[in-house]
Amino acid sequence: MEIDPFIFRLSIFILSIFVGYYVVWSVTPSLHTPLMSVTNAISSVIIVGAIIAALSGSDGVVFSSSSIYGFLAIILAAVNIFGGFLVTQRMLAMYKKKKKDK
Amino acid sequence: MSANLSAILYLVSGVLFILALRGLSSPETSRQGNLFGIIGMVIAVTVTFLSVGNFSSGFIYVIIFLAIGGSIGAFIAYRIPMTAMPELVAGFHSLVGLAAVFVAISAFINPSAFNLGTPGNIKLASLIEMAIGAAVGAITFSGSVIAFLKLQGIMSGAPITFKGQHLLNALLLILIVILTIYLCSTQSSNLFWILIAISFLIGFLIIIPIGGADMPVVISMLNSYSGWAAAGIGFTLENTALIITGALVGSSGAILSYIMCKGMNRSFFNVILGGFGATDQTSQSQNKEQRPVKSGNADDAAFLMKNASSVIIVPGYGMAVAQAQHALREMVDTLKKNDIKVSYAIHPVAGRMPGHMNVLLAEANVPYDEVFELEEINNDFANADVAFVIGANDVTNPVAKTDPQSPIYGMPVLDVEKCKSVLFVKRSLSPGYAGIDNDLFYKENTLMLFADAKKMTEDITKNL
């Protein structure tokens with residue numbers, strides 16, 4: 001009997017939860033704010049779905065009832081991707097070690 | 001591009017996202033981690049373009065919309081002050097939630113574009129995944145909007161409660177399940193819209209009863225939801241990158257919520273059910289007795305600190321409100337010039353989001369190896385000469401250790417009272433968000449400094 005591909009995706013999902021669990025526990029508490037902003041940025045990989053939706057219009061029809069939602073989602077996700085990664089970058093650049101020259 | 005190749009590349013970007021989070025285990029590796037995240041995102045977007053393979057006029061519009069969103073995001077990222085990070089993160093969560101809703105709607109209207117069947121005849125599993133993605137996305141959106149409004153001060157931070165609130169929420173949740181079941185058998189678009197509308201309502205209803213100081217939990221929780229919404233959509237689109245990311249973000253937010261709840265010694269459900277502080281505040285203020293308080297000025301504080309050999313700074317949300325982090329670091333610089341040892345003690349729930357204080361101190365150029373977490377530094381208070389409490393309150397209250405009647409009993413607190421002397425910067429004697437009088441104010445060795453945190457810190461620096 002063949003295994004439903006859904007089961008494979010479910011396996012990836014469950015294993016990723018465990019990976020996430022162990023990875024996030026190892027994040028130092030002082031970086032919890034950047035953690036939130038970076039998880040925010042990466043969850044915007046939902047833009048993948050938005051792009052497929054936006055390009056779903058048939059030939060010659062760019063804006064159909066379904067592709068408009070895709071375009072809207074692209075804007076929202078793009079704000080998040082750029083905003084999320086850049087603000088994380090900005091924050092991380094501020095974390096400095098004590099100068100040793102004293 | 002073949003389906004197998006794109007699936008492998010999506011997996012690569014999922015792995016890069018894992019490495020992005022892994023990098024955050026120390027500040028040194030964190031910047032590299034962020035770069036991995038960016039590369040992962042670029043791969044995911046590029047692969048999507050190549051696998052759709054449609055470079056007609058629609059493609060140009062995609063690039064235009066991408067550029068519009070991207071420049072808005074970049075503009076916000078560069079302009080936002082660090083004190084406003086909680087609002088920003090709440091706002092970003094709402095966008096992820098809404099994007100998930102939009103993608104789900106689009107997939108529902110035009111399932112053939114996603115290989116999910118035809119309108120009115122969508123594959124059962126996909127329909128369920130879509131409904132879950134849309135519902136969780138909608139809850140994330142409206143919940144985050146409320147959190148944003150509360151953090152921004154547009155909406156009062158006070159909990160809004162009414163009779164039958166929990167019953168209503170429970171009924172609405174059950175209704176969502178019933179609607180999903182009906183949706184699967186009828187494929188009716190009306191049911192789909194109603195489902196989304198009710199989910200928006202639930203998001204709104206579960207966040208309004210939660211008070212301002214519980215925001216660290218709320219933000220973490222919404223972070224988690226945005227992940228589960230992304231994972232739901234990932235299942236619909238059969239996209240590995242999205243599934244991996246959704247799971248990562250979902251568990252990340254859940255862990256942060258857990259850490260925040262533990263920092264307040266409250267159960268997750270206790271926070272979610274809300275209403276904390278609203279009832280206690282009235283009863284406490286009625287029977288408040290007048291007790292003597294020692295108050296001083298900047299001169300006294302400067303004198304105490306000059307004669308100390310070690311000082312521990314305890315920052316809290318008040319420091320963020322007063323924007324006092326830079327003035328604070330200048331004061332510390334002066335202290336260090338006088339060979340006084342200075343360290344910072346951060347309570348897990350200080351501020352309005354996890355790690356909020358650390359970012360503000362980093363912004364003011366405080367080296368991160370001078371900043372310590374509660375467990376690391378709590379034993380040092382007994383050996384320190386001066387504790388300088390700036391904008392923190394409940395997290396220093398010794399009542400949490402002594403009075404089993406207190407609502408914050410059992411909450412881990414900083415042992416500030418063990419210091420030889422305590423300087424407490426505060427605008428007035430008013431109690432903190434929990435509505436509990438802080439015993440620390442009335443201790444023999446406490447000197448209250450009634451002033452704006454920033455102004456007081458600047459004045460102390462002048463007197464040093």
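Modeller: A search of the whole structure finds 2 cavities of 30 Å³ or more. Please keep in mind that this is a predicted model, in which local features need pLDDT of at least 70 and side-chain atom pairs count only at pLDDT 80 or more, whereas totals for chains, interfaces and linings use all residues. Residues are numbered from 1 along each chain as its sequence is written, chains are lettered from A in the order in which they are written, and side-chain values use heavy atoms, with hydrogens and water left out.

Colleague: What makes a space a cavity and not a pocket?

Modeller: On a 1 Å grid over the protein atoms alone, a cavity is a set of points where a 1.4 Å probe fits but cannot get out, whereas a pocket is an open set with protein on both sides within 12 Å along at least five of seven lines. The second largest cavity has a volume of about 40 Å³, a volume being the space filled by probe spheres set on the points, which are joined across faces, edges and corners.

Colleague: Which residues line the second largest cavity?

Modeller: Lining residues have an atom within 4 Å of a point, and here they are Ser30(A), Tyr95(A), Asn358(B), Leu361(B), Ala362(B), Val366(B), Tyr368(B) and Val371(B). They divide into 6 nonpolar, 2 polar and no charged; Tyr counts as nonpolar by the rule used.

Colleague: Why is the pair Arg9(A) and Glu238(B) called a salt bridge?

Modeller: The term requires a side-chain nitrogen of Lys or Arg within 4 Å of a carboxyl oxygen of Asp or Glu; the closest N and O atoms of Arg9(A) and Glu238(B) are 3.5 Å apart, so the pair qualifies. Across the interface of chain B and chain A, the rule finds 1 salt bridge.

Colleague: How many residues does each chain bring to the contact?

Modeller: With contact meaning heavy atoms within 4.5 Å, chain B gives 103 residues and chain A gives 77. The two chains bury about 8300 Å² between them, 78% of it on carbon and sulfur atoms, where buried area is the accessible area (1.4 Å probe) that two parts lose on being put together, summed over both.

Colleague: Where is Glu376(B), and what lies 2.7 Å from a polar atom of its side chain?

Modeller: Glu376(B) is found in helix H16 (residues 374-377) of chain B, a helix being a DSSP run (H or I) of at least four residues, numbered from the N terminus. The backbone nitrogen of Glu373(B) lies 2.7 Å from that polar side-chain atom of Glu376(B).

Technical notes. Helix = DSSP H or I, 4+ residues; strand = E, 2+ residues; numbered from the N terminus. Polar contact = N/O pair within 3.5 Å; in protein donor to acceptor, adjacent residues only side chain to side chain.
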